[in-house]
Amino acid sequence: MTVRAPYKYDIVGSFLRPERLKKAREDFSKGLIKEIDLKKIEDEEIEKLIEKEKKAGLKFITDGEFRRSWWHYDFFWGLNGIEKYTLEEDKRIKFHGEVLRPDSVKIVGKISGTNHPFLEHFKYVQKFEEDDIKAKQTIPAPAQLLRTVYNQIGEGGVYENEDDFIKDVAKAYGEFFKELHDLGCETVQIDDCTWGALVDDDAIKEYEKDGKNVEELKKTYLTINNEAIDKAPEGLNVLTHICRGNYKSAFHFKGGYDKIADYLLKDEHVNGFFLEYDDKRSGSFEALKKVPKGKKVVLGLVTSKKADLEKKEDLIARINEAKKYLDKDQIAISPQCGFSSTEEGNKITEEDQWKKIALIKEVAEEVL
């Protein structure tokens, strides 16, 4: 049986970290255990997670991002030409109700994507594939890197102009895609918060304060993503997850998809979209009419941020509402985001996490 991602019930990718893993990572950071000891615990906890994913009936498995601290920075730090960087206190990123740790990235040389450490991460998950169960690799979007470092591009920097940066980043992603596909990976998902910033009024004001034109940014983000995606080898299924921020159950951005639909939904070269639709911040389904026929949309109707379990009848009603804009075979459902985009995790329990996945499966099997 060959199943192509996304499946009618699916996941974004990250799961709550077990306490044993959290302690091991903390012990490693303090020099109390060696890297080989940390890896052994990571391996064991990932194997346990994959068994739970299979038991839950998932067709696409991940390592829960258990080897990462962040959903995005760990990948960026693995690119050649990028180093870890600590932000000054007044530059730390503020969510609604939370302030992020001061980690960030710095460009220190020309960027390339060969021999990325995530290749080994994928190989470990791949060992647990079965005929109808495949590994999915999640990584941050190229546009996310540009948003993170755009103040580092300019005169006197490693990259003096944006076009050269875009060219090298697209090439780096192409290198990673090829090496990943050569290992046998069939599906990669690019996670992307940049579009959320382009529909949020407060974020738009910040961009404008920095002298950025938001309409031009939409074109730029689409360009860097598409140039990278176009370098993926034939046969690699590229999906994207559009996020509005997920840190300890706090969010970053708010706003519907309408302002970006003509760029993201209409013209990004992915095969499917994971879209957040768990609360009023996400707007209406009307923007979905811009999604081309044949592309799938995974409706993130179930929140990963709160323990309260959604009502089955409400989820079915929302799916029926989405059918005004999409064919039934274009629709799938999932949580709106991962359960632990950073190692801290959202403010729910593991039991809550699996109950939500069970509900998603039950609804999808009934109506999709």
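Start by selecting F285: at 1% relative accessibility it counts as buried, because buried means under 20% relative accessible area, with exposed being over 50% and partly exposed in between (1.4 Å probe, protein chains only). Before you click on, know that this is a predicted model, where local features need pLDDT of at least 70, side-chain atom pairs count only at pLDDT 80 or more, and totals for chains, interfaces and linings use all residues. Residues are numbered from 1 along each chain as its sequence is written, and side-chain values use heavy atoms, leaving out hydrogens and water.

How are the rings of Y277 and F285 arranged? Their centres are 4.6 Å apart and their planes sit at 65°, so this pair is edge-to-face. Here rings of Phe, Tyr and Trp (its six-membered ring) pair if their centres lie within 6.5 Å; planes under 30 degrees apart count as stacked, over 60 as edge-to-face and the rest as tilted. By that rule there are 16 aromatic pairs. For a cluster linked by ring pairs, select F75, F76, F118, Y173, F176 and F177.

Next, colour the nonpolar core (buried Ala, Val, Leu, Ile, Met, Phe, Trp, Tyr and Cys residues joined through side-chain atoms within 4.5 Å). The largest one has 115 residues, and L145, F165, L288 and L299 touch the most other members. Helix α6, residues 162-182, gives the most to this core, with nine residues. (Helices are DSSP runs of H or I, at least four residues; strands are runs of E, at least two; both are numbered from the N terminus.)

Zoom in on F165. Leaving aside neighbours within four places in sequence, F165 has contacts (heavy atoms within 4.5 Å) that include I107, L145, V149 and Y159. A charge sits over a ring if NZ of Lys or CZ of Arg is within 6 Å of the ring centre and within 35 degrees of the ring normal. R67 does likewise over Y124, at 5.1 Å from the ring centre.

Finally, switch to cartoon view. Which strands make the open sheet, and in what order? There are seven, running β1-β4-β5-β6-β7-β8-β9, with parallel pairing. Two strands pair if DSSP finds at least two bridges between them; β6 (237-242) and β7 (272-276) have four. Select H241 and you'll find F274 of β7 opposite.
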